[in-house]
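Subject: Structure for you to look at

Hi,

Here is the structure I promised to send over. Have a look at it first, and then read on for what turned up.

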Amino acid sequence: MKSRFFPKMLAAGTAILLVTTGISVAQTTPEAVIGHYADIAEAKYEDSLTTAKALDEKIKAFLANPSDQTLNAARGAWLEARVPYQQTEVYRFGNAIVDDWEGRVNAWPLDEGLIDYVDAGYYGSESDENSLYTANVIANPSITVNGEAVDASSITPDLISSSLHEAGGIEANVASGYHAIEFLLWGQDLNGTDAGAGKRAYTDFSLDNCTNGNCDRRRDYLNAASELLVNDLEEMVANWKDGGAAREELNAKGASGGLATILTGMGSLSYGELAGERMKLGLLLGDPEEEHDCFSDNTHNSHLYDAVGIRNVYLGTYTRPDGTVISGPSLSELVAAKDGELDTETKSDLDATVGAMEAMAKRAETTEAYDQMIANGNAEGNAVVQAAIDGLVKQTKSIERAILALELGQIELEGSDSLDNPNAVFQ
């Protein structure tokens, strides 16, 4: 069953709760903006944790009573959990604590054969780079990593985090996080650029009617990966609370360093990561393996909420899953004080990008999935994706101008061969 999620937008006139800091625009200082940026980070990671706990509950309910209904409920909870988490990605690149941690929860793409059975065609592909690409730890209570035997007889959060994740020092050996759980809930998407997401049957987790073998160990892996995700998010929430490591590290940078951190995250996610590695690369190759949420066909929402996250950091606002809006001192206000026209242009660019992403998401819900949009020869679908890429590139130029306006010196943003040297992609 194909399962997608596109959250309903608040209708005009819908009542929401607005939470503000009480600081007027005239009083806005860099320190206030940095403090509010950290407050929003704390709220976003709290919401990511809350939705991950809801996912864990649905997974436990599914494992207690495997069925199509309980599997779809767990899938729905996974989709819901992606909304606040994707909005945190703008805290990457500038905040080292976030970058050092992020690979545990959102690394991709993954060689899913490390975790479980895969299609025979996948086994037929040799990998000179990764000897574990078909290790299938669910089927094998012992695997060999760099010549050392690893006891996998008991699948626990500790086994996943300490022995399996990035085993052998290879980034493609993603054993934990959202995408490992996604793979277990949906299975491989074997449709290429045709319609359809992964179609794993609930019986893969049934103790009474097991399909594809090792259902007891597959259940253990799903349960352990879910609990590990909750644990990892609890760690990051603590990092952003008052006195937490991430907040303290940010404050230690001072006013200019803190603002530079904010803009580094915005510009790097906008350009090199999202426009380049996550979108343009897949469009150039026409390759569905280059989509972010590839098992569930949720990539359109993943990209949309990355763009929303960039915008809400600039505006100093964040809408929580319950509709509460947090608002306070913003980067926009600081830029407006220096160059009103630039602030207006930047807000317009950010809105245009989110609009292009929303158009892409609407197409995914009504016409064709993201992996179909990027297929070679699909001129109309390609154009929809390219419009979102163009928006990201344009807004990055405004972000670079904001860096100059705020006199923050030279800031290096993430680049991407897909944008800067496309020919290198095919070499």
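Let me start with a term: a disulfide here is a pair of cysteine sulfur atoms within 2.5 Å. One housekeeping note as well: this is a predicted model, so local features need pLDDT of at least 70 and side-chain atom pairs count only at pLDDT 80 or more, while totals for chains, interfaces and linings use all residues. Residues are numbered from 1 along each chain as its sequence is written, and side-chain values use heavy atoms, with hydrogens and water left out.

**The disulfide**

By that rule there is one disulfide. C210 and C215 are the partners, with an S to S distance of 2.1 Å. The torsion about their S-S bond is about 90°, so the disulfide is right-handed. What about burial? I call a residue buried under 20% relative accessible area, exposed over 50% and partly exposed in between (1.4 Å probe, protein chains only). On that scale C210 is partly exposed, at 36% relative accessible area, whereas C215 is buried at 3%.

**The cavities**

Next, the empty space inside. Rolling a probe the size of a water molecule over the atoms shows where empty space is left. In this case a cavity is a set of points, on a 1 Å grid over the protein atoms alone, where a 1.4 Å probe fits but cannot get out, and its lining residues have an atom within 4 Å of a point. Points are joined across faces, edges and corners, and the volume is the space filled by probe spheres set on them.

How many cavities of 30 Å³ or more are there? The count comes to two. The largest has a volume of about 70 Å³, and its lining includes V33, H36, Y37, I40, N312, V313 and G316. For the names: helices are DSSP runs of H or I with at least four residues, strands are runs of E with at least two, and both are numbered from the N terminus.

By residue type, the lining of the largest cavity has eight nonpolar, four polar and no charged residues. Nonpolar covers Ala, Val, Leu, Ile, Met, Phe, Trp, Tyr, Cys and Pro, charged covers Asp, Glu, Lys and Arg, and the others, Gly among them, are polar.

The second largest cavity has a volume of about 30 Å³. W108, P109, L110, H179, E289, E291, H292 and C294 line it, which splits into four nonpolar, two polar and two charged. Two of those lining residues deserve a look at the backbone: the peptide bond from W108 to P109 is cis, with omega near -15°. P109 is in the loop between α3 (96-106) and α4 (120-123). C294, also in the lining, is buried at 13% relative accessibility.

D189 sits in the loop between α6 (178-186) and α7 (215-240). Is D189 buried or exposed? It is buried, with a relative accessible area of 13%. Taking contact as heavy atoms within 4.5 Å, and not counting residues up to four places away in sequence, D189 touches G196, A197, G198, E291, C294, F295, D297 and D371.

D297 is worth a stop of its own. Its phi is near 60°, a positive value in a residue other than glycine. D297 lies in the loop between α9 (254-285) and α10, and it is buried at 1% relative accessibility.

The expected span of a helix is 1.5 Å times one less than its number of residues. α10 is mostly covered, with 15 of its 17 residues buried. Just after α10, G316 takes a positive phi of about 70°.

The 27 residues of α14 should span 39 Å, and its end C-alpha atoms are 39 Å apart, which agrees. α14 is followed by E407, whose phi is positive, near 55°. E407 is in the loop between α14 (379-405) and α15 (417-420), and counts as exposed at 63% relative accessibility.

Note on methods
1 Å grid on protein atoms, 1.4 Å probe; cavity = no way out; pocket = protein on both sides within 12 Å on 5 of 7 lines; lining within 4 Å.
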